[in-house]
Amino acid sequence: MAPVLEIEGLQKTYRSRRRGTRRALDGFDMVVEAGQVHGFLGPNGSGKTTTLRTLLGLIRPNGGRMAILGQEVPAALPTVAGQVGAIVESPQFFPHFTAQDTLSLLAGAGGVPQRRVAEVLELVGLRERARERVKAYSLGMKQRLAVASALLKDPKLLILDEPANGLDPGGIREMRSLMRDLASSGMTVVLSSHILGEVQLICDSVTIISLGRRVAAGPVAEVLAQHSGNGLRVRLE
Ligand code: ATP
């Protein structure tokens, strides 16, 4: 079976008058197999957001190739778009809307049947608090609402940029159990993080990026055993 996600030799150089030339991706490679929660780990500025935005067709690369579900992107993006759920920017929710209203609105706009709203609320553990206004939600609940919005189309691949950012240890554990549930339902999850401890807690496998290049990849325990003491910045709970 083709990997769910395949990136080979991805290149991206930003050029701007103000910031000059910056090579964000320098031949980056990544492979994610089906049913995994895959961590995309690297320090700030290493190229994670650039990779995810390129994958979603939001940025044009300078070289390399990418495939989602065995189909080349960006050419096949219109075909695979419905099978990919993504949050690559902090979603802005209307604070006076309830979670239920927020998801109903998004479902309506995306042509998703309204019954799916109840399903995703259940999946992310927000069913009982769905009629509260979002402004009363904790950061962890807002993150789960964001994941719920990305799940509306029942994607095969879920891409999340720093979903555990700012969460306390309890929030990270909730995020972990949500990711595990999604993976056991057959979904593949890619989540970026700059915190090793988060990836260690949440993911099965990992790709480590530094200066726009892959420096390690494989099962989390194996990679971390090989690279501990190798300059990886660790922040454990
Ligand atoms: P973070 O976790 O801080 O978002 P990241 O790993 O996601 O980091 P990127 O945001 O992809 O990293 O940035 C990679 C490099 O590209 C950095 O050096 C960054 O300064 C640079 N960069 C990102 N966006 C732009 C842009 N629009 N113009 C110029 N340089 C950029």
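Predicted model: local features only at pLDDT ≥ 70, side-chain atom pairs only at ≥ 80, totals over all residues.
In what order do the 6 strands of the open sheet lie?

Stop 1: Select the strands of the open sheet. Read across them and the order is 6-7-8-3-9-10. The pairing is mixed. Strands of a sheet pair through backbone hydrogen bonds, either parallel or antiparallel.

Now pick out the edges. They are strand 6 (84-87) and strand 10 (213-219), and each pairs on one side only. Neighbouring strands here are turned by 15 degrees against each other on average, direction ignored.

**Stop 2: strands 3 and 9.** Select residues 37-41 for strand 3 and residues 205-210 for strand 9. The two run parallel, joined by 4 bridges. Click on L41: opposite it, in strand 9, stands I208.

**Stop 3: helix 8.** Next, select residues 220-227, which form helix 8. Helix 8 lies across strand 9 and strand 10. Its direction makes about 125 degrees with strand 10.

**Stop 4: helices 3 and 4.** Select residues 99-110 for helix 3 and residues 115-123 for helix 4. How do these two pack? Their angle is about 130 degrees, and their axes are 9 Å apart. Helix 3 is therefore oblique to helix 4. The crossing of helix 3 past helix 4 is right-handed.

Show the side chains at this contact. Helix 3 brings A99, Q100, L103, S104 and A107. Helix 4 brings V117, V120 and L121. Of the residues in this contact, 6 are nonpolar and 2 are polar, with no charged ones.

Key:
Residues numbered from 1 in each chain as written. Heavy atoms only, no water. Pairing = 2+ DSSP bridges. Axes fitted to C-alpha atoms, helices over the stretch in contact; angles between N-to-C directions. Contact = heavy atoms within 4.5 Å. Parallel < 35°, antiparallel > 145°, perpendicular 65-115°, else oblique. Left-handed = near helix turned anticlockwise from the far one by under 90°. Nonpolar A, V, L, I, M, F, W, Y, C, P; charged D, E, K, R; others polar.
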